Amino acid sequence: MKRFGFLSWALWFGYAFLYVPIVLLVVYSFNESRLVTVWGGFSTKWYGELLNNDKLLGAAALSLQVAAVTATMSVLLGTLAGIALSRFGRFRGRTLFGGMITAPLVMPDVIIGLSLLVLFVSMEQLIGWPEGRGFTTIAIAHTTFAMAYVAVVIQSRLSGMDESLEEAAMDLGARPAKVFFVITLPIIAPAIVSGWLLAFTLSLDDVVIASFVSGPGSTTLPMVVFSSVKFGVSPEINALASLMMLIVSTGIFIASLLLARQDRQRARDEQMAMQGG
Amino acid sequence: MASQPIRKPTRLEPWQDPGQTPYVRIDRVTKRFGDFVAVDEVSLSIHRGEFFALLGGSGSGKTTLLRMLAGFETPSDGKIYIDGVDMTGIPPYERPVNMMFQSYALFPHMTVEQNVAFGLKQDRVPKPEIRDRVAEMLNLVQLGQFAKRKPHQLSGGQRQRVALARSLVKRPKLLLLDEPLGALDRRLREQTQFELVNIQERLGITFIVVTHDQEEAMTMSSRIAVMNHGKIAQVGTPSEVYEYPNSRFVSEFIGSVNLFEGIVAEEQSDHVLIRSEEAGCDLYINHGVMVPPGTRVAVAIRPEKITLAKEAPAAADGRNLARGLVREIAYLGDMSIYLVQLAGGKTVRVTAPNVTRRTEMPITWEDEVYLSWQPFAGVVLTQ
């Protein structure tokens, strides 16, 4: 019996390391007991309580709003940056510009948060905007760093795209702006969608930067979760986490199902073309 | 080089007529990328209705020249005139020119029909007219039943024809084609060559084709410009370029050739005599060349113009007659290639049609043979 050799053990251990905590979290969300670590029988009461917890629900709503605004803004700015990086060819300071775009990827969150806080405070003193800290400041801060990720995604998609497509459109009489909207944009649409989702996720789970630039009354979901841990995790948080996981994994499942179907369709089409050709 | 030009020999030759104004005039155009000179002071005149080939290896500047005609690159120096209009500063979308791309550049998110209609839509042609002209074009390239398909649902040959239809639908006066047959397999290529020439003659459009394939250039075009290192090495009809190459580069690039180094011994208006140690004999050529005696030159002789024989030909005067040993024979069916090593060590390539059956082949490996050729066979190259 060589079936459970070293490699299988390593594999199982690896999966366990990744998924045991998550499974535990889900299991304990159905715990009757108030104490997170003591099993007191099966119950769904924490899911019910969650629905009555206005503080948590409010934070969740804020987080989703911030994430949606962030994702949209990041896609707008990141797409422009990505296009500049991949289409303008060599211009003076291109390396510097490219480096600066991607700097937020490696910059510690603490520094981004702190520097933005300083900026917002001094701006408020100088021009009176933004007034206090809250939704606007969090969204701006998140856009600053999420935009960098979007720019990288868009840039890699654009450099994989055949530039002669744009040239062909121009050759057939389309002006540059038209070329962008009719040819380039539809072709990079998948990258824009995934950039939007990436920015949404990044914004949704950021706690460090949000802590710096949020104000009283504007607490995002991760901040609530994080601060509640200080007083011991309540099973409500477990329930919330389980729900979020359910939503995310359903989304991923549907997306991969659609992608797989598209792939199969494509393969069939290509086969048809070969036979018909 | 067994291929024959497929266009009719009765065609007009507008470039011979000094009264004709060229449709495309390229005037001392240079293109530099940094320190690299891609196109170096190229001047060309191309006439209405020509099928003009830009032939060269990679890095010869042929594609850059084509892209300057389309407007995707701007010349560093010099000017391009199309139909008498200076093209400087005119963007691609305002030029009376269409291009067929090497990658075909079909829009992947549009159907065949939408791809072909794209150019007409940009010109705000009325919808019913767009429909008619697209249908007409798709019929021309025999893709009527594929109108609703997306590019990835087509085979390579079909994609090529969609690209052609899309570039022709606006009825351009000048069509630029970048390696139009490059992505097709051999059988499809030959067939498509004929189709391209047919369409071009039917529509009367001026074609400028970039290709690295000399056979393709020879069969399709009315004239060829051979390019090398950004310069035009020679311009001429396929037979001019093949029979009278003006340099070693052209003679070696188009077809295969034997080059014999030698020194001009005698120079008259009706003949030259060249003493060649490499050939082991004197080379007699029946046309004059403007080079003084004593100059080092090379004589180019095409493999099919050399005759092999086991016996010395009668009436041989020792000129245009070399001796050697057959080293290699490649049997190609319709003809054979012989590699013959001369006494001086040089290997000469000879092709001969297989008029007899192979079993009766008189010449075989290690035979001692005589190589002879006519006085008109050689071309003297000074460059």
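Two residues are in contact here if their C-beta atoms, placed from the backbone, lie within 7 Å. With that in hand, here are the close-ups; keep in mind that this is a predicted model.

**View 1. The two domains of chain B and where they meet.**
Where they meet, five residues of domain 1 are in contact with six residues of domain 2. On the domain 1 side, we find two nonpolar residues, two polar and one charged.

**View 2. Chain B as a whole.**
Step back for a moment and chain B shows eight helices and 20 strands. Its C-alpha trace spans about 75 × 50 × 40 Å along the principal axes. Of its 383 residues, 41% are buried. Look at the contacts in chain B with a separation of 6 or more, and 65% of them link residues 24 or more positions apart.

**View 3. Chain B's side of the meeting with chain A.**
Here 23 residues of chain B are in contact with 23 residues of chain A. On the chain B side, β6 (97-100), α2 (112-122) and α4 (156-168) each bring at least two residues. The biggest giver is α2(B), with three residues. Sort the residues on this side by type and you get eleven nonpolar, ten polar and two charged.

**View 4. A well-covered helix in chain A.**
Helix α7 of chain A runs over residues 164-171, and seven of its eight residues are buried. Among the buried ones are Leu165(A), Ala168(A) and Met170(A), along with Glu166(A), Glu167(A) and Asp171(A). What do the buried residues of α7(A) pack against? Part of the answer is α8 (176-204) of chain A, and the rest comes from chain B: α1 (62-70), β6 and α2. Just after the helix, look for Gly173(A), which takes a positive phi of about 110°.

**View 5. Nonpolar cores.**
The largest nonpolar core holds 82 residues, and Ala165(B), Leu176(B), Ile208(B) and Val226(B) touch the most other members. Zoom in on Val226(B): leaving aside neighbours within four places in sequence, its contacts include Leu55(B), Ala233(B), Val241(B), Phe253(B) and Ile254(B). There is also a second, separate core of 46 residues, which includes Ala71(A), Phe120(A), Leu221(A) and Ile237(A).

Strands β16 (321-331) and β17 (335-342) of chain B pair in the antiparallel sense over seven bridges. One pair to pick out is Val326(B), whose bridge partner in β17(B) is Val340(B). This hairpin has three residues between the strands, and Gly333(B) takes a positive phi near 95°. Next, β17(B) pairs with β18 (347-353), again antiparallel and over seven bridges. Here Met335(B) stands opposite Pro353(B). With four residues between its strands, the hairpin of β17(B) and β18(B) has Gly345(B) at a positive phi near 105°.

**View 6. A glycine in a loop of chain B.**
Gly182(B) sits in the loop between β7 (174-178) and α5 (186-203) of chain B. Is Gly182(B) buried or partly exposed? Gly182(B) counts as partly exposed because it has 15 C-beta neighbours inside 10 Å, while a buried residue needs 20 or more. Its C-alpha atom is 31 Å from that of Val348(B), which is 166 residues away along the chain.

Definitions and conventions:
Residues are numbered from 1 along each chain as its sequence is written. Chains are lettered from A and ligands numbered from 1 in the order in which they are written. This is a predicted model: local features need pLDDT of at least 70, side-chain atom pairs count only at pLDDT 80 or more; totals for chains, interfaces and linings use all residues. A residue is buried if 20 or more other C-beta atoms lie within 10 Å of its own, exposed if 12 or fewer, and partly exposed in between; C-beta atoms are placed from the backbone. Ala, Val, Leu, Ile, Met, Phe, Trp, Tyr, Cys and Pro count as nonpolar, Asp, Glu, Lys and Arg as charged, and the others, Gly among them, as polar. A nonpolar core is a set of buried Ala, Val, Leu, Ile, Met, Phe, Trp, Tyr and Cys residues joined through C-beta atoms within 7 Å. Two strands pair if DSSP finds at least two bridges between them.
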